[in-house]
Amino acid sequence: MKRDCLEIVREKCENCHACALGATRNNIVFSDGNPSTAKIVLIGEAPGETEDMTGTPFVGRAGKLLSDFLAEAGISREEDVYIINTVKCRPPENRVPTDAEKASCRKFLEAQIDIINPRAIVLCGATALKSFIELDKKQTISKVRGQWMTVTVDGKDYRAMTIFHPSYLLRNHSMEDGSPRRLMQEDLRNIKNEVLSDVNHDSIDISADNIFANSSEQLSLV
Ligand code: SF4
């Protein structure tokens, strides 16, 4: 049922040229994950070059790092998370999508959340955060991340938490206490415990101590 509803939204999205991003895309980047089992909607910023070529969000180095962090926390990217972006088409030169572009694409975002009806929404990075929460000048993602809040989508309230975007973590390799990577690890474990306490994945077999230290993704970045 969810898949059928999402397919209708996807077809509309594929034919959409409501903003200028539609003119330069190679593919719409609609979603990733299993809509039948996902209990979390994770929202990123916008497709990048690899995403635009493949039609899948969070692939490439940042996507691999996100997958590693999710797995380490015991969250299955394939089963627990439905991943989307604030806009479905790639902004040229990977710039941040404008408010007008995000507003044009909001109908697809809201339709996806409505259909998935998640237990929680994870806002991945500042662009996703600002799409749902109006920040005052003192509030930065570093101060807001890790806190449970409520966001309202199409009249319905959802639990939500902001986490760092993996692209930011690609530039910050430290795993010391208080480092962005360590905070990401803590936030995702918190999400796992609060949202997926009844879900266990025996198949996720990643050592918390070894994954980042041995990750080829990290080694290639140092
Ligand atoms: S970004 Fe969204 S609103 Fe803009 S053309 Fe693509 S699908 Fe349509």
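This report walks through the sheet, the nonpolar core and the ligand shell of a predicted model.

Residue numbers start from 1 along each chain as its sequence is written. Since this is a predicted model, local features need pLDDT of at least 70 and side-chain atom pairs count only at pLDDT 80 or more, while totals for chains, interfaces and linings use all residues.

Let's start with the sheet. Five strands make up an open sheet, ordered 2-1-3-5-4, with mixed pairing. Strands here are DSSP E runs of at least two residues, and helices are H or I runs of at least four, numbered from the N terminus; strands pair if DSSP finds at least two bridges between them. Strand 2 and strand 4 (148-153) sit at the edges, each pairing on one side only. Strand 1 and strand 2 run parallel, joined by five bridges, and Ile 43 stands opposite Ile 84 in strand 2.

Now the core, a set of buried Ala, Val, Leu, Ile, Met, Phe, Trp, Tyr and Cys residues joined through C-beta atoms within 7 Å. Buried means 20 or more other C-beta atoms within 10 Å of a residue's own, with C-beta atoms placed from the backbone. The largest nonpolar core holds 49 residues, and Val 41 and Val 122 touch the most other members.

| Element | Residues |
|---|---|
| Strand 1 | 40-44 |
| Helix 4 | 99-116 |
| Strand 3 | 120-124 |
| Helix 8 | 180-195 |

Finally, the ligand: 14 residues surround it, the closest including Cys 16, Cys 19 and Cys 89 (C-beta atom, placed from the backbone, within 6 Å). Helix 4 gives the largest share of that shell, three residues.

Conventions
Buried ≥ 20, exposed ≤ 12 C-beta atoms within 10 Å, placed from the backbone.
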